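Subject: Structure handover

Hello,

Here is the structure I promised to pass on. Please open it and keep it beside you while you read my notes below.

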Amino acid sequence: MTEKKLTKGNIALAEGSIQAGCLLYFGYPITPQSDIPEYLAQNLPKIGGTFVQAESEIASINMVMGASASGRRTMTSSSGPGISLMQEGLSYLAGSELPAVIVNIMRCGPGLGGIAPTQGDYNQAVHGGGHGDYRNIVLAPGSVQEMFDLTIKAFELADKYRNPTMIIADAMIGQFQEPCRLTPEKPVELAEKPWALTGRKGRDPRLVKSLYLGDYEQEEHNLLLKKKYDEIQDNEVMVEMKNLDDAELIIVAFGTPSRVAKTAIGLAREEGLKVGLIRPITLFPFPVNEIYEHSARVKNVLVVEMNTGQMVRDVRIAAHKDAAIHFYGRPGGGFPFPDDVLNEIKTALGGGPR
């Protein structure tokens, strides 16, 4: 049996990046993600890697872009305002089809906000905060073990699709400790990158760019990106589904609220209320088919988030037209407790407000 070690979520993610073969990290400290650069500053130099504390988040994301263009696995991490500053670089990464992993351990906003747990950056991550038609692949861990495993997965997806992949987690997931297996489930494979800028070396020159000025070149490039995003949507959805066979209500939640929802579902079933769970692990691609299929049969859907209602819009789009979509949110550092969710379950099943 593989040994598990009591580990903080941010540390599991940082160790996962090392074991994924990421030896180039660029970042700038901000709470509640600072454990990640602290860990990598201590450990990357020991294995021949490079840690750079840049002068800003803008510098960090542009260093990531340069490292990615050279064909190396690279990562940055930040929180809230820092991720906001990186949006131009994220758009350039997407437009240039450069793979990289960007981590957002979310802090509540808007503005400087605070360091309490939140899911206020869902829209920014999933629907893009930068300019142009692009999508980030977005992963949402729900445990310390997933902070490790999904970090490795993030690098695989980024390389497979030549696309920025973002991991978003609330501060609870980043800061609490759980037993964690700090070894990969399977050997990590590093993809060949025949597009990488490694010096001409007697071969034809290579070009990585996001600028297309010829007639219809930009349109053609955007259509190729769209084709890639459609392929990601078709093939890479990851979702956890529980207790759906007899459910009369489905909770949709990710991250910490999904853990609260599981406790609330247990309380509800003790009272004879049949409640199930859909937990999106990938926020893009979103589990559209799964939500549609189950909401066609189960007419009540309760979305629980730590914001004022961001993922709920995607659930409304995905769900069957006859489903009643209810929402319970706690924004700006507020926290949904199991008893609160149980009350929302009872209200929804009783035909209460949506």
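Predicted model: local features only at pLDDT ≥ 70, side-chain atom pairs only at ≥ 80, totals over all residues.

Glu217 sits in helix α9, which covers residues 217-235.

Next, helix α12. The helix covers residues 311-318. Which of its residues are buried? They are Met311, Val312, Asp314, Val315 and Ala318. These residues span an arc of only 160° around the axis, so they lie on the same side of α12.

Now the backbone. As a reminder, most peptide bonds are trans, and most residues other than glycine have a negative phi.

Two are cis peptide bonds:

- Thr31 to Pro32 is cis, with omega near 15°. Pro32 belongs to the loop that links β2 (24-27) and α2 (35-43).
- Gly109 to Pro110 is cis as well, with omega near 5°. Pro110 is in the loop that runs between β5 (100-106) and α6 (122-126).

Two are residues with a positive phi:

- Glu97 is not a glycine, yet its phi is positive, at about 55°. You will find Glu97 in the loop between α5 (87-96) and β5. Its relative accessibility is 24%, so Glu97 counts as partly exposed.
- Asn243 is not a glycine either, and has a positive phi of about 55°. Asn243 lies in the loop between β9 (239-242) and β10 (249-252). With a relative accessible area of 38%, Asn243 is partly exposed.

One last point on Glu97. How far apart are the C-alpha atoms of Glu97 and Pro194? They are separated by 13 Å. Along the chain, these two residues are 97 residues apart.

Then turn to α12 and its buried residues, among them Met311 and Val312. After that, visit the cis bonds at Thr31 to Pro32 and at Gly109 to Pro110. Finish with the positive phi values of Glu97 and Asn243.

Best wishes

Conventions: Residues numbered from 1 in each chain as written. Heavy atoms only, no water. Buried < 20%, exposed > 50% of the residue type's maximum accessible area, 1.4 Å probe, protein only. Helix = DSSP H or I, 4+ residues; strand = E, 2+ residues; numbered from the N terminus. Arc of directions from axis to C-beta.
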